[in-house]
Amino acid sequence: MNPIDQNRLQLLVSNMHAIKKEFAWQSANISRLAAMLYAAEEKEADPAAIRACQEQIKQSTGVFSMFRGNLALGIAAMLSLENDPQALLNETLDVYEEMKSHKFTASDYLVVAAYEIARNTEPSRRTETIGRAKTFYDGMKENHPFLTSHDDYIFAAMLGLSTLEPGPALKRMEQFYTELKPEFHASNRLQALTQVLVLGDAGLDTTRRLAELQEGLRGRKLRMDKEYLLPSLGLLALLPAETGTIVDEIEEACTYLRDQKGFGSWSVLQQELLLLASGVVISRSVGEAQRNLTAPAISAALTNLVIAQQATMLASTAAIAAINTSASSS
């Protein structure tokens with residue numbers, strides 16, 4: 001196993017137990033997300049810092065605020081990794097309100113979208129970025145009115161943060177959608193995949209790499225072409241590594257996690273396990289690619305992948321949380 005992957009997997013496990021101990025009543029999958037956010041930074045979880053950020057959120061928002069929704073612990077974990085959590089929270093709240101003024105609807109997804117814009121954009125460019133995000137969202141809505149909804153807000157924000165021109169990018173998304181629909185069928189997950197591919201500046205060989213990864217993972221009884229995992233499969237296809245190597249690394253990570261306390265089949269479904277395993281592999285591979293290039297040579301697509309990887313984790317976990325909430329209330 002790649003030593004960086006092994007270290008991050010070990011951190012994921014230990015972080016999960018530390019966070020679960022501090023936040024016993026929180027959703028288990030959100031606790032694992034928070035643990036993963038720290039592991040991706042190769043840091044031990046700091047439950048006290050997360051708790052402090054959680055309190056800052058409570059003090060800065062109302063009882064019914066979406067900032068206190070399903071992803072509250074994940075947002076607190078992200079803030080706790082920043083040098084000035086309160087300042088970023090204030091900026092995120094401002095962006096959130098401005099996005100609502102642009103006709104985005106309040107939701108967990110909008111909270112994440114606002115956070116990503118606040119964190120990755122200079123204040124002077126936030127209004128422009130929000131406008132670009134709305135242009136991308138409206139374009140997706142026009143092309144797929146029945147598929148496009150709140151869960152597309154995060155990737156609309158990612159596209160708004162990019163340097164991509166909306167018209168050509170939306171056209172490219174439709175080309176990928178048409179090309180991949182016979183294999184993955186018309187669905188929201190396919191739309192999310194096209195968003196990832198456009199963000200990552202997917203090349204002509206991407207379809208082949210997707211097919212190779214899909215087949216290779218299926219051969220190991222690992223399915224990443226279902227539900228909310230398809231965007232992660234797209235990210236894997238964009239990595240600068242051989243597809244066979246990626247399949248091996250995903251299997252090794254899954255096998256390792258399954259043997260750890262709290263990650264057995266009764267505790268973590270295979271799809272979430274694959275989400276965590278792929279998150280480790282993606283974050284390490286993108287980081288290695290960045291280090292191998294001089295700063296001016298780092299491509300916009302590679303920078304987009306760094307943000308898109310976190311966004312994919314958050315969007316997928318939000319979907320899991322929504323499913324779990326629906327199941328528990330039914």
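**View 1. The surroundings of Phe 263 in this predicted model.** Leaving aside residues up to four places away in sequence, Phe 263 touches Leu 12, Val 13, Met 16, Arg 32, Leu 257, Arg 258, Val 268, Leu 273 and Leu 276, where a contact means heavy atoms within 4.5 Å. The model is predicted, and local features need pLDDT of at least 70, side-chain atom pairs count only at pLDDT 80 or more, and totals for chains, interfaces and linings use all residues. Residues are numbered from 1 along each chain as its sequence is written, and side-chain values use heavy atoms, with hydrogens and water left out.

**View 2. The largest nonpolar core.** This core holds 110 residues, and those that touch the most other members are Met 99, Leu 236, Ile 250, Leu 257 and Phe 263. A nonpolar core is a set of buried Ala, Val, Leu, Ile, Met, Phe, Trp, Tyr and Cys residues joined through side-chain atoms within 4.5 Å, and buried means under 20% relative accessible area (1.4 Å probe, protein chains only). In soluble globular proteins, nonpolar side chains tend to be buried together.

**View 3. Helix α12.** Helix α12, which covers residues 230-237, is mostly covered, with eight of its eight residues buried; among them are Pro 231, Ser 232, Gly 234 and Leu 236. Helices here are DSSP runs (H or I, at least four residues), numbered from the N terminus.

**View 4. The chain around these details.** The protein chain has 15 helices and zero strands, and buried residues make up 53% of its 330 residues. Among contacts between residues at least 6 apart in sequence, 74% join residues at least 24 apart.

Methods. Helix = DSSP H or I, 4+ residues; strand = E, 2+ residues; numbered from the N terminus. Buried < 20%, exposed > 50% of the residue type's maximum accessible area, 1.4 Å probe, protein only.
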